[in-house]
Amino acid sequence: MENKIDEVVADVKYTAKDFSSGLEVKWCPGCGDYSILAQVQRQSPDFGEKKENIVWISGIGCSSRFPYYMNSYGFHTIHGRAAAIATGVKLANQKLQVWVATGDGDMLSIGGNHFIHACRKNVNLKIVMFNNRIYGLTKGQYSPTSEKGKITKSSPYGTVDWPFNAIKVATGSGATFVARTLDRDPKHLQDMISRAAKHNGLAFIEVYQNCPIFNDGAFFPLTEKETKPDNVVYLEHGKPLVFGVNKEKGIMLDGLNPVIIDLNDGKHSINDCFVHDEFDENPTRVFLLARFTDLPGFPTPIGVFRQFNKATYDGDYALQIANVKAQKGIGTYEKLMYSSNTWEVN
Amino acid sequence: MAQETEKVIQDIDEVTIRFAGDSGDGMQLTGSQFTDTTAVVGNDLSTLPDFPAEIRAPAGSLSGVSGFQLHFSNSDIQTPGDSPDVLVAMNPAALKVNLRDLKDNATIIVNTNSFELKNLKLAKFDSNPLEDGSLSKYNLIPVPLTQLTMSALEDLPLSMKEKEKCKNFFALGIMYWMYNRPIEVTLKWLEGKFKKKPEIMEANKRVLQAGYNYGDTTEIFTTRYDVKPAKLPKGVYRNVSGNEAAALGFITASLKSGLPLFLGSYPITPASEILQELSKYKDYGVTTFQAEDEISGICSAIGAAFAGSIGLTSTSGPGLSLKTEALGLAVMTELPLVVIDVQRGGPSTGLPTKTEQADLLQAMFGRHGEAPLAVICASSPADCFFMAIEAVRIALKFMTPVILLSDGYLAFGSEPLKIPKLEELPEINIKFRTGVEGFYPYLRDENLVRPWAIPGTPGLEHRIGGLEKKDIYGSISYEPENHEIMIDKRRKKIDNIKNIIPELVVEGEQEGELLVLSWGSTYGSIKEAMRNVKAKGYKASHAHLRYINPFPKNLAEVLGKFKKVLLPELNTGQMAFLIKSQFMVDVIQLNKYQGQPFKISEIENKIIEVLGGNNGK
Ligand code: SF4
C-alpha cells in the first residue's frame with residue numbers, strides 16, 4: 001500500500017474522511033484503538049488547523065501504528081521516544097500542531113523519562129495515551145499500569161509490582177491539561193480530544209482502551225451499561241460529584257478523605273458533595289480524585305482533572321530568541337567570527 | 001620603568017610554557033589570558049589544558065593539579081609542544097606532577113609561600129625541593145607570590161581570601177614581562193568580566209601590574225625574551241578551541257544553508273562547551289535544547305530534522321552508545337542529522353577529561369542492523385570549524401546522519417584560525433520538496449537521495465517511520481526482496497558521498513618507501529615529526545584522513561604506491577583494522593592509549609625505526 005498523496009485543498013472544510021490515509025487498518029478485530037482513531041478523525045476537521053500543519057508522532061506498540069492511518073504528517077519512531085522527538089518537531093516549527101499517540105508501556109515504562117520532562121517543561125504537545133494495561137504488540141506481558149497480582153505471560157504467578165496511576169504521574173510532572181476518557185464512550189472521547197486540541201501547553205489524555213486479545217474486559221465495569229453508572233463518575237467543572245443509576249450517590253470530603261454518601265438517606269444532600277474545579281492549579285484536588293481508583297467501592301473519575309495556563313516551553317523559547325534578536329540584532333557571519341580578539345597578518 | 005633598559009631582551013623562535021597549580025588556583029584562566037595576549041601579538045600558537053576529572057580534589061593534593069600548556073612561535077607550529085621550557089608551579093604538588101615533563105635546563109618559577117610542611121607532605125616530598133638541591137639542573141626562580149600579592153593589595157577593603165585569589169595574576173604579570181607582552185588585553189578583559197565587582201577588578205589589575213613591575217625591577221630576573229610575530233599567511237585570525245570552533249562551524253553552516261540550527265544535547269565532558277557555546281547564539285536563531293538525557297538529545301534533533309531544521313546532537317563516547325538506537329531510526333528514515341562525538345578515554349566513565357581515538361569503530365559499526373552512515377573527523381582545533389560545516393553539508397545533501405569525530409585534545413586545545421570569507425566556504429544549497437506532482441517519499445535522485453518534504457507543506461502529507469520502507473513509496477514493506485533492495489540503496493547512497501569530498505592529499509613524495517597514514521587529532525604531532533625527519537634526511541610521506549566513511553576515492557591508489565604504511569593512532573588499532581580489512585594492506589601500527597596525545601618524538605623515533613635507523617636516509 002502506497003502513502004496517499006493529496007492534492008492541495010485550499011481552505012476547504014475538511015470532513016473526517018480527509019484525515020484517513022486510506023491505509024488498511026491492522027489492529028485486531030474489536031480493538032479499542034479503532035474507536036480512538038474514528039473519534040480523532042471525526043474531530044480533526046474542527047481543530048482549526050490545516051491538514052499539513054498537523055503532525056502525529058508515535059513510539060512503538062499497537063497504539064503507535066496510529067500515525068499511519070491519519071492523513072497528516074506522521075512519524076512512527078522508536079520505543080518510548082515519541083515525546084522527545086515530538087518536542088524537537090514543535091521547537092523547530094511552532095506553527096505545527098503536534099500530537100503524540102502512545103501506549104502505557106511506551107509512555108510510562110521505556111518512555112517515562114521523556115514523558116515526565118515534557119510535562120515538566122509544559123511543551124505544547126497533545127499526548128493521547130492508549131492504556132490497555134498490557135503489552136499487546138509483544139503478545140501479552142504485564143505493563144506498568146497492570147493491576148498488582150495480574151497473571152500474564154510474563155507473570156504466571158501474578159505480578160508483584162504496584163502500577164502507575166497515569167493521572168498522578170502527569171499531574172505530578174506538571175502537565176497543564178490532564179484528562180481521562182474511555183474508548184467505548186465516543187462522545188466523551190471526542191470532547192476530550194477537541195478540548196486537548198485547544199489547550200495551549202502539554203495536554204495529556206489517558207484513554208482506557210480494551211485489548212480484546214490480551215486483556216479483554218479490563219475496563220468493562222466502567223464501559224458497559226449495567227455497571228457503568230456505579231463505577232464511573234464524570235468530572236464536570238463546577239458540578240458536584242454524583243454517580244449511580246439515578247445519581248443517588250455523591251462524594252463528600254471528610255478532611256482530606258473522600259467518602260461516598262447516600263443522597264437519599266435524609267442526612268446528606270447534593271450540597272455536601274465535592275464540587276469539581278478543573279481550573280484549580282493546586283494539584284491536591286487532582287491527587288484526591290486520582291486516588292479513587294485505589295479505593296474499593298469508589299467510582300473511576302472520567303473527564304478533565306485539571307486545565308490551566310502556564311507559560312509553555314516552546315512559547316518562552318521563541319520569546320527568548322525574539323528578545324535576543326531585538327537586543328543584539330540578527331546575527332551575521334562577520335559578527336560571529338570577529339566577535340572575539342582578532343589580529344591581522346599582513 | 002627606568003631600569004627596563006638595563007635588562008637584556010633576547011630574541012627566540014619558540015617557547016613552551018606550562019602553568020600549573022591547584023584546580024582552585026585559576027590556572028586555566030591564567031593560561032587562556034596568556035594565550036589571548038599571545039594571539040594578539042601575532043605568534044602562531046597551540047595550547048593544551050590538562051585538568052583533573054574531579055571538580056575539587058583536596059587542595060594541595062597531587063590529584064588536584066590543573067595545568068595549562070602553551071606553545072608559541074614566530075613560525076608555523078602544530079602542537080602544544082612535547083616538553084615545557086618554563087613551568088610556573090603554584091604549589092609543591094604542581095611541581096611534583098610536572099617535573100618529569102620538563103626539559104633539563106627548564107626555568108621553574110615557584111610560589112615559595114606554598115612550600116610549607118603541610119603542602120610538601122600532600123605532594124609526597126620528603127624534603128623541601130627548593131632547599132635540598134634536587135632542582136639544581138633547572139633554572140629555579142623562587143618568588144613569594146602570595147606574600148607579594150597580599151602586600152600589593154594591603155589597603156583594599158577585600159577579605160584575605162579574595163586577595164589571595166589574585167595571586168595567579170601576579171604570576172601572569174611576571175610572565176608578560178618575561179616574554180615582552182602587553183598587559184592591556186588582560187586589563188580590558190578584567191574590565192568586562194568584573195564590571196559589577198569594581199573592587200575585584202581593581203585588585204586583579206593592580207596585582208597584574210605589580211607582577212609585571214616585579215619582573216622589571218628585581219634582580220632575580222636578568223633576561224627577557226621576545227618571540228616575534230609569526231609569518232602566517234595573510235589574513236585575520238582569532239584563537240579558537242576545538243569545541244568553540246565546532247560551534248562556530250555549525251552556526252556558519254546554518255548561515256550558509258539558510259536553515260535554522262537545532263541542538264539537542266545532554267551535558268557530558270568533554271563536549272559540554274559545544275552546548276554552552278551554542279546556547280549564546282540566540283540572535284542567530286539557534287535552538288539549544290538541553291534534554292533530559294542523551295537519548296532525548298538525539299531524538300529531539302531527529303524531530304527537528306523531520307521538521308526542517310539542521311538537527312545536531314553533541315556528545316562523547318558513553319553518550320554515543322546511548323544514541324545508537326536513534327541513529328538507526330535516522331538511517332532508516334533517511335533524515336539529515338549531525339552527531340559530534342568528542343571522544344575521551346573509555347570504556348565506561350574511563351578518563352573523562354583525557355583524550356583517545358577509541359570511538360572510531362563505534363562510529364562506524366555501533367548500530368543494530370545494516371546501518372551505514374557518514375563518518376568524518378577533525379584534525380586540529382581550528383579544523384573543527386571546517387569539519388562542522390562539512391558534516392552539515394554532507395548530512396543535508398545526502399539526507400543521512402553524519403558522525404563527526406573530535407576528541408578531548410582538540411576540544412580543549414586551541415590554535416589560531418584564519419577566518420575565511422563566507423564565500424570561500426562550500427555552498428550548502430538545500431531545497432525542500434514542495435511539488436506535489438510525482439512526489440514519493442522514497443523516490444531517489446541520481447545520488448540515491450530521497451526528498452526532504454517537511455510538515456507544513458500542503459499536499460505532501462506522508463508518514464515515515466522505523467519499519468522497513470517500500471522502495472520509492474516509503475510505505476511499510478516486509479517483502480524479502482524489497483528489504484535487500486533498500487539495504488543496498490542505503491549503503492550505495494553513503495558510498496556516493498565519495499563524489500563530493502576531496503581526494504586524499506599526500507604530503508611529500510607521491511610514492512616511495514614509507515607512507516605515514518593518520519586521521520583525526522594526531523595530525524599536528526605527525527606533521528611536526530615529518531618536518532623533523534625530513535630535516536634529518538629521511539624520506540617519508542604523510543597522508544591525513546579527514547573522511548572515513550566513505551574513504552576518499554583515491555585511498556586505495558595512494559596505499560598502493562608505498563612499500564610500507566605506518567599508522568599511528570590513539571587506540572589499539574581501530575583505523576588499522578579498517579584499512580587492513582578494506583584494502584588488504586599490511587600496516588605497521590603505532591598505538592598509544594594513555595589518555596595523552598602523541599609526543600612528536602614518539603612518532604619521529606618510530607618513523608626512523610621503520611626506515612631502518614640511520615640506514616634509512
Ligand atoms: S493486541 Fe490488543 S491492543 Fe493490540 S491491536 Fe490487538 S487488540 Fe488492539
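Mentor: Strands are DSSP runs of E with at least two residues and helices runs of H or I with at least four, numbered from the N terminus. This is a predicted model, where local features need pLDDT of at least 70, side-chain atom pairs count only at pLDDT 80 or more, and totals for chains, interfaces and linings use all residues. Residues are numbered from 1 along each chain as its sequence is written, chains are lettered from A and ligands numbered from 1 in the order written, and side-chain values use heavy atoms, leaving out hydrogens and water.

Trainee: Is A:Asn131 buried or exposed?

Mentor: A:Asn131 belongs to strand 4 (residues 126–131) of chain A, and its relative accessible area is 1%. With cut-offs of under 20% for buried, over 50% for exposed and partly exposed in between (1.4 Å probe, protein chains only), A:Asn131 is buried.

Trainee: Where does helix 12 of chain B bend?

Mentor: Helix 12 (residues 317–333) of chain B has 17 residues, and 13 of the 17 are buried, so it is largely enclosed by the rest of the structure. Its bend, the angle between axes fitted to the seven residues ending at a residue and the seven starting there, is about 50° at B:Thr324.

Trainee: At roughly what angle do helix 4 and helix 6 of chain B cross?

Mentor: The axes of helix 4 (residues 145–152) and helix 6 (residues 167–178) of chain B come within 9 Å. Helix 4 of chain B is roughly perpendicular to helix 6 of chain B, because that label covers 65 to 115 degrees, and the axes cross at roughly 105°.

Conventions. Axes fitted to C-alpha atoms, helices over the stretch in contact; angles between N-to-C directions. Parallel < 35°, antiparallel > 145°, perpendicular 65-115°, else oblique. Expected span 1.5 Å × (residues − 1).
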